[in-house]
Amino acid sequence: MAGWSSELSQRPMSRTILGEAMVLYRTAAGQAVALEDRCCHRAMPLSEGEVDGDILRCPYHGLEFAPSGACTLIPGQDDIPRKACVRSFRVVEQDAIIWIWPGDPEKADPARIISYPYHRPGSGWAWKSTSWRVKCNWQLVQDNLLDLTHLALVHKTTIGGDNALHFNTTTKVTPTPNGVKTRRWMPNSTPPPYYLASVDFKGKVDRWQEFDATPAFLLAYTGGVDAGQGDGEGPREGGFQVRVLNGLTPETETTTHYFWSKAHNFRIDDPAVTQKQFEGTTQVFSEDVRVMELQQQRLSDDPDRGLVDIRSDGAGLLMRRIVQRMIDEERHVAQAS
């Protein structure tokens, strides 16, 4: 994930992804483009330049580049050297998300992009999104999302608050071809303050926390209904229901672009409710960010020192093994070719 559709305009934007500086922008016709953010002439960041129709103009000597990355104009000379080009990245825009393929463009497969219909008009969900830069390795964010026992202490005044419930609830972890599914079912539990501020419950609630996760892309479905109305499986009706998209894109080894959106299916025609939901999640995730950045500091202090795993790490450890397996497979293919 390279960003949100709402972030792109005809004003070039610089974003480092996987250690590589890229420039993202829209042409006058609205096409999303991603190029290497480095002019081939004197290495000027093209993100400091300007868009003119389909081309991106370097602010240093005026070289112009097409969305393909080819140089189309060098002021003051007619001939354009064959090497006068910058790298172009394959971009797909879907469900209000900008997707980028940083590898060989010929190997890009848009069919593998994950569908997220909750962002679409008429979906029955209202939502709001943002982009954060978090000072930690992306897998620390992934670990955090896949271990919800931390809600008890890190989020005790928002979505946590019941230590016994969060530490003792069983997490069902199911492997998928390239990820994991986690399910937590908490019947007859006390609704947290965050729920009560949004929905009037009669008393206790049946509560769930679910993740459908692939490496760096985790989709959460959480909520609660009045006790006795839920069954732990299938769709639920009414109550408090939210969906959170979590896109984790490495910027460097120790920094991450954290893209997230919050969607809700109650009072969707009231923008104030959507804003309140967004602000509540901002508070919750800010609590997580503080923890993860502190972790990264200590890990960076002594990177060779090991860690002790406990039962609640199961989903995160499984995901890390999946990531390593995919890396090993990719390297094997690269070596074979």
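**Exercise 1: strands β9 and β10**

Task: In this predicted model, work out how many bridges join β9 to β10, and which way the two strands run.

Solution: Start with the pair itself. Strand β10 covers residues 97-101, and five bridges join β9 to it. The two run antiparallel.

What is the strand order? It goes β1-β10-β9, an open sheet of three strands with antiparallel pairing. The edges are β1 (3-4) and β9 (90-94), each of which pairs on one side only.

**Exercise 2: helix α1**

Task: Find how many residues of α1 are buried, and which residue caps its N-terminal end.

Solution: Take residues 138-146 and go through them for burial. Eight of the nine come out buried, leaving the helix mostly covered.

Next, step back to Asn-137. This residue is the N-terminal cap of α1, with a side-chain oxygen 2.8 Å from the backbone nitrogen of Gln-139.

**Exercise 3: Thr-149**

Task: Place Thr-149 in the chain, then decide: buried or exposed?

Solution: First, location: Thr-149 sits in the loop between α1 and α2 (151-154). Second, accessibility: Thr-149 counts as buried because its relative accessibility is 10%, and the cut-off for buried is under 20%. Last, look for a partner: the Thr-149 side chain makes a polar contact of 2.6 Å with the side chain of Asp-147.

Note on methods: Residues numbered from 1 in each chain as written. Predicted model: local features only at pLDDT ≥ 70, side-chain atom pairs only at ≥ 80, totals over all residues. Heavy atoms only, no water. Buried < 20%, exposed > 50% of the residue type's maximum accessible area, 1.4 Å probe, protein only. Helix = DSSP H or I, 4+ residues; strand = E, 2+ residues; numbered from the N terminus. Polar contact = N/O pair within 3.5 Å; in protein donor to acceptor, adjacent residues only side chain to side chain. Pairing = 2+ DSSP bridges.
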